[in-house]
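Here is a walk through one protein chain. Start with a single residue and its surroundings, then widen the view to the fold as a whole.

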Amino acid sequence: MLEIIPSKLNGKISIVSSKSLSHRYVIAAALAEGESIISNILDSDDLVATKEALIGLGATIDGEKIIGTKIKRINKVIDANESGSTLRFLIPIAMLQDEVIEFKGKGKLPTRPLNVYKDMFHHKYYFVQRTKNELPLEVKGPLQSGVYMLHGNISSQFITGLLYALPLVNGDSKIIVTTELESKGYVDLTLDVLKQFGIEIEYKQNVFYIKGNQKYLPLKTSVEGDYSGAAFFIVAGLISNGLILNGLREESLQGDKEIINFAKQMGGKLNFVDGKLVVEKSDTKGITIDIGQTPDLGPILMVLGSLSEGVTTITNASRLRIKESDRLDAMVKNLTKLGVKIEVDGDTAKIYGQKELKGGVTVETFGDHRIAMSMAVAALRCDSPITLDDEKVVSKSYPTFFEEFVRLGGITK
């Protein structure tokens, strides 16, 4: 447990490296036959899971040096821990070879949906779930080329998994997205990383055209700062005394870069100056925000809405319910404890803003890193201290979050 005392943050922070890009670079490097150097890989629980899984599939990983090889089963079991990215990215990759591999996981991961892959694979391949949960799961290939039909409102992680694996099979493939593609920013991120590793995929009119028998080329690169993690400090700067954020690329393709536009639309003052994102203390106003493309921003935007004049309406929030926790329900419960009025109708939440939040309560993190960080930011504007029931969950994506929080003026005990 961690008590957070209301305070003001101010100063400069170098933002942690991107979790989304770290996963993508490490996986691509493991698929490239030869040595890649990937610097500034995020050191978090999720990345540990991905790296250990890739070692179990034949890669050699020593710090920033990654030696890839043709996929082969070294370990019979892959433990994805609590990482949905690790699990969904690597299922099709594990199916590039023809021996049974078991996936397992912890926390809420065994119940997070895998129906997209199940519908796609269980008739044609060995795809066996031994219990009523999604995990443990046993799979076996070899994966074949073909036409893969997907709805656009699914997690982009399923599409990314296929985009990584299908270029390595014999024959050409298509992925046809049958409805509007959500989380497009994450797919764009995937395509950009694949291009850097020499993989060519054409995307037009909701169809991905994938040539088979391609080869990943080794690469030397560095992982940029994480907009998903930066969002917490952006909001902290807006509601506190301002912050300067280093390490973010202004031209980034990360979908969660949209936090800057959302904040500006709410009246936030923030701009890039000499390569640094300068965030000023701002009086913000409620607006309507569609988070269908950026669900990971949902919790911290709910905090900003709670401290903005008027009503903030969050729409297309259904994907918040199938993350590490039911994030919509978790944030409603926690913010209500802090005195915020919130109305939920389906996948829409209306948040009635106020000047200050109530303290003197313990809030639950629900085992979710983004809930923990959101509530820590909310504590800055409470009238008395609040207590987090489990601060250690931030290790999933931002292990140094509370160190930075305190260094910038946050008070914890």
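Thr-312 touches Met-266, Gly-286, Ile-287, Ile-289, Gly-305, Ala-349, Lys-350 and Ile-351, leaving out residues up to four places away in sequence. Contact here means heavy atoms within 4.5 Å. Thr-312 sits in strand S19, residues 311-315. Helices (H or I, at least four residues) and strands (E, at least two) are DSSP runs, numbered from the N terminus. Thr-312 has 0% relative accessibility and therefore counts as buried. The classes are buried (under 20% relative accessible area), exposed (over 50%) and partly exposed (in between), with a 1.4 Å probe and protein chains only.

A word on the basis of these values. This is a predicted model, in which local features need pLDDT of at least 70 and side-chain atom pairs count only at pLDDT 80 or more, while totals for chains, interfaces and linings use all residues. Residues are numbered from 1 along each chain as its sequence is written, and side-chain values use heavy atoms, with hydrogens and water left out.

Now go to the start of the chain. Ile-4 lies in strand S1, residues 2-5. Its relative accessible area is 0%, so Ile-4 is buried. Which residues does Ile-4 contact, leaving aside neighbours within four places in sequence? They are Ala-376, Ala-379, Pro-385, Ile-386, Leu-388, Phe-402, Phe-405, Ile-411 and Thr-412. The C-alpha atoms of Ile-4 and Val-406 are separated by 9.9 Å. Along the chain, these two residues are 402 residues apart.

Phe-402 and Phe-405, both contacts of Ile-4, also belong to an aromatic cluster. The cluster consists of Phe-232, Phe-233, Tyr-398, Phe-401, Phe-402 and Phe-405.

How many aromatic pairs does a search of the whole structure find? There are 14. Rings of Phe, Tyr and Trp (its six-membered ring) pair if their centres lie within 6.5 Å; planes under 30 degrees apart count as stacked, over 60 as edge-to-face and the rest as tilted. Take Tyr-117 and Phe-158. Their ring centres are 4.9 Å apart and their planes meet at 80°, so the pair is edge-to-face. Tyr-117 is in helix H4 (residues 115-121) and Phe-158 in helix H5 (residues 156-165), so the pair ties together parts 41 residues apart in sequence. Tyr-117 counts as buried because its relative accessibility is 0%. Phe-158 is also buried, with a relative accessible area of 3%.

The rings of Phe-233 and Phe-401 have centres 5.1 Å apart and planes at 40°, so this pair is tilted. Phe-233 lies in helix H7 (residues 227-239) and Phe-401 in helix H12 (residues 401-407), so the pair ties together parts that are 168 residues apart in sequence. Both Phe-233 and Phe-401 are buried.

Next, the backbone. A cis peptide bond joins Leu-135 and Pro-136, with omega about 0°. Pro-136 is in the loop between strand S8 (126-129) and strand S9 (137-140). The bond from Gly-141 to Pro-142 is cis as well, with omega near 10°. Pro-142 is placed in the loop between S9 and strand S10 (147-150).

Two residues other than glycine have positive phi. Asn-40 has phi near 65°. Asn-40 lies in the loop between strand S3 (34-39) and helix H2 (45-55). Its relative accessible area is 44%, so Asn-40 is partly exposed. Gln-205 has a positive phi of about 50°. The loop that holds Gln-205 runs between strand S12 (201-204) and strand S13 (207-210). Gln-205 counts as exposed because its relative accessibility is 78%.

Finally, step back to the whole chain. Its secondary structure comes to 12 helices and 24 strands. Along the principal axes, the C-alpha trace spans about 60 × 45 × 40 Å. A compact globule of 413 residues would have a radius of gyration near 22 Å; the chain has 21 Å, which agrees. This radius is taken over C-alpha atoms, and the globule rule is 2.2 Å times the number of residues to the power 0.38. Buried residues make up 57% of the 413 residues. Of the contacts with a separation of 6 or more, 75% come from residues 24 or more positions apart.
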